[in-house]
Structures are given as C-alpha cells and as structure tokens.
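Keep the viewer open and follow along step by step.

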Amino acid sequence: SKSPKTPQTKPPQLQIQRSTTLKSGRVTKIFLTHSHGDHTFGLPGLLCLMGQDRDRRTSPPVDIYGPEGLRQYLRVVIRYSASRIVPNYRVHELKCVPMAPEWNPVLDRRDGRMRFFYDLKRHGAVTAGGGRRRAPSSSSSVRWDRGLAGDDPYSWITHCASAGAAGINGAGGLLERDAYFGEVDDGSDIYPDYNHPDARHGAPVWEVLTEPDVTVRAAPMSHGVPCVGYVIKETNKPGRLKPESVVPVIRRNEKALRAAGVHVPMKILGAIKNMKEGEYFRFPDGTVVHQTDVVEPQREGRKVVICGDTADSRALEGLAMGADLLVHEATNAYLEGIDKETNLHYVTKDAKIHGHSTPQMAGEFAKRISAKRLVMNHFSSRYKGDPSMESISVMTRIERQAIEASDLSDQHVAAAWDFMNFPIPPN
C-alpha cells in the first residue's frame, strides 16, 4: 500500500522497530531539515530507543545535524523528560539558515512578533499586469540573507543565538552541555558559504560532512521557517581492472618475475589497478602496460538528494545536478473528479503559500537537475495511504503527474510508502 510520510504519521522509534532492513543500532548519523514538530518531535524517542543498545563507555557518539537551535532543543527536551537512556550524542548546527527571498517578514504590531509570508508576486507568480514574473536566474544577485534569528526577537532561534553568544556549551540563560544526559563535546557550528562553486540563485551552501567514502552538503529550501535540503555524494570509485589485458603478460613473464623476487606474480594485478592515471608498469620482457590501457575510467559515486519541506528547491540545483535519486515532497495534489471547486492553479498556489510542493513541481525539479529517479514523500494527511484500491489509485495518479512533468519512466518515479526499499544501482 502507498502511504503518507512515515516520520510524520507514526513515531520513528516504532517504525524502526517494525522495519526489517533498518535497525536502530546501525544508525550513526541523523539529519534534520527544519524545526517543525512533524520533523523533530520523534527525535527524542528515537534517541531513547537507540540508547537501549549502546554502552556510553564504549560506543561512539551519534552525530546529529540540523539548523541552529537544535542543540538547545535537545538539551531541554531530554532533560525535561529525564531521558538518561539516550546514547552519547553531539550536535552539529547549520548556522544562519536564511529564508528564501520570496518569504516576506511582516511585523505584527499587536504583539511585536515577526512572521514570514510567501509573496506569490515576487517569485514565479502572476503580476499585477497579468503577465508572469520569471523566477530569479542562476546569476541573480538576490541574496538569501534573512532568517528568524534577529528578525523575530521572540523566535527560538533568536533566543539561542543571542543568549548563547558566549559559545557552544551554553551561557546567559541557556542550558549547558551535560554529559549525564548524553551530550558529548566536539559538536560543531557550520557556517554558510555564499561563494561556494555550487551555490546558485544567491543562496549559500553548507559543507556539512566530509568522510573518506561520502560527503554531505546542504542548501536552503523555500519554507515558512529556516529549512535545508541535503545532498549525499558517494566518493568516486576506482575503475575496474581489465585482467584479460594483463594476465597473459604476467604469465609470459612469470619466471622472470619470480627470479626478481616477486613470489606471487599475480599480485601485480593489484599494483597495476592502483596505479594513478599516466603511470605505467614495465615487465622484464620490455612490455609496458599503461594504466589507462588496462583500467577503466573511475566510476562516478552515487548522489542522493533529500529536500526538506519546500515551495522551491532551486538553491539545490548546483549540488543536485545529475542526482541518482531525488527525494522531493509533494504535499498537495489536484486530482480531477476528487477535488471539487478548485483546479491545479489554486492547488499550486495554496501549496506555495504554505511552503510546500505538488507532484508537478517535484517532477519539474527532477527534470531540471537531470535526476535519474524520483521518490515523492510528505503527502497530505487527506490521502489515507491504506491498502484499499481507492488509495492505491490516488497514489498512482500522483505518480503519473510527476512522471509527465519529469519525463522519467514509470519505473523511475514512485510515491513513497512505509518501509519502502528503493535500490540505487552503482554507476
């Protein structure tokens, strides 16, 4: 059956316990896109589940990444609930996550609070003259430099930023780090780079994580609170060795190689495979084997793009290009015959002003970045997602809308369901 957004319908700790492929003991890193409760309320419970299988004295900490304010949120909720069972963890905050330029700050003079509203006229919407305003181009000088911190003096982010100005470990009214409740040192603050080579449309990029086998970067989404999308890129793999080109040469030189001290001549295959481009190996009989002749070009690592809640994912374009898999929200959809007294135009408008997308918007972005596969999630709760034929029919129609917008085949577009496994073959 095709069902709505799993993390927002059932607690993640329960879902993981029901999963046959994902176990809590294997989770080492957690990435949050934004602070809305349907994306954060499940985190404390998940940490409590993970803590049951880990010994704080010997287990490495769980790394948690997300927009600023996350570190203090976890300190408060874990301490308030006396959740000493959580594993060791450390928080890495993405600082200064801006709002997209189409979200205008409006001061409510009644209570002095700042709220952000989506301006349809500013970004890709009908203008006063009846024409359509074009979205900013990749060369746009419009900077994404506003956010809740500072703009709204009452926001959680502003409070954390101002009260915690003395440093990561807390000061001036914030809770300090306490290892008794699991938080260890070495959490980092990650700042945006507006001059990153993959930055687009005036938006910044965060270099979130770099490890030998993977990198993670982020860019801001267009949503009602600071929100990011993540791009996970696998390190490129060495090209495959073509043994049929080398083995006959080794066998022809086997005696000479043994005489030269190479006790297992076939081990030379490994040395040749690990040669850098431009290097070569000369055999005793004078045969020269060049790396480029016997090793295929390196294989491009896989790329997975996970968008947060968004009315526009354009800031991810540079990072996401050529994605092997795009995971994009599709909260609202217009289904003719089911949705009465409305049309696609008004459904799209309603999705945007709430910071969300339609299947067509998800498909269009997949096409723009030349994604190979698209999985949609974060569906409205009005879609039941049960095994009934009616629900399956609805989700199939949502898939069809994205297929038509993306030009992908029906084998490469899916509406996500609970416990879905989506293999990504190597390149």
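**Exercise 1.** How many disulfides does the structure hold?

*Solution.* First, some ground rules: this is a predicted model, in which local features need pLDDT of at least 70, side-chain atom pairs count only at pLDDT 80 or more, and totals for chains, interfaces and linings use all residues. Residues are numbered from 1 along each chain as its sequence is written, and side-chain values use heavy atoms, with hydrogens and water left out.

Step 1. A disulfide is a pair of cysteine sulfur atoms within 2.5 Å. The count here is zero.

Step 2. Take Cys96: the nearest cysteine sulfur belongs to Cys160 and is 13 Å away. Cys96 is partly exposed, at 42% relative accessibility (buried means under 20% relative accessible area, exposed over 50%, partly exposed in between, with a 1.4 Å probe and protein chains only).

Step 3. Now turn to Cys307, whose sulfur is 9.1 Å from the closest cysteine sulfur, in Cys227, too far for a bond. Cys307 is buried, at 7% relative accessibility.

**Exercise 2.** Find the aromatic pairs and describe the one formed by Phe31 and Tyr230.

*Solution.* Step 1. Rings of Phe, Tyr and Trp (its six-membered ring) pair if their centres lie within 6.5 Å; planes under 30 degrees apart are stacked, over 60 edge-to-face, and the rest tilted. The structure holds five such pairs.

Step 1. Phe31 and Tyr230 are 5.3 Å apart centre to centre with 65 degrees between the planes, an edge-to-face pair. The pair links distant parts of the chain, with Phe31 in strand β1 (residues 29–31) and Tyr230 in strand β9 (residues 228–234), 199 residues apart. Strands (E, at least two residues) and helices (H or I, at least four) are DSSP runs, numbered from the N terminus.

Step 2. Check accessibility: Phe31 is partly exposed at 31%, whereas Tyr230 is buried at 3%. Ring pairs also bring in Tyr65, giving a cluster of Phe31, Tyr65 and Tyr230.

**Exercise 3.** Classify the ring pair of Phe281 and Phe283.

*Solution.* Step 1. The centres are 4.9 Å apart and the planes lie at 65 degrees, so the pair is edge-to-face.

Step 1. Phe281 is partly exposed, with a relative accessible area of 24%, while Phe283 is buried at 2%.

**Exercise 4.** Which ring does the charged end of Arg113 sit over?

*Solution.* Step 1. The test asks for NZ of Lys or CZ of Arg within 6 Å of the ring centre and within 35 degrees of the ring normal.

Step 1. The ring is that of Tyr154, with the charged end of Arg113 4.3 Å from its centre.
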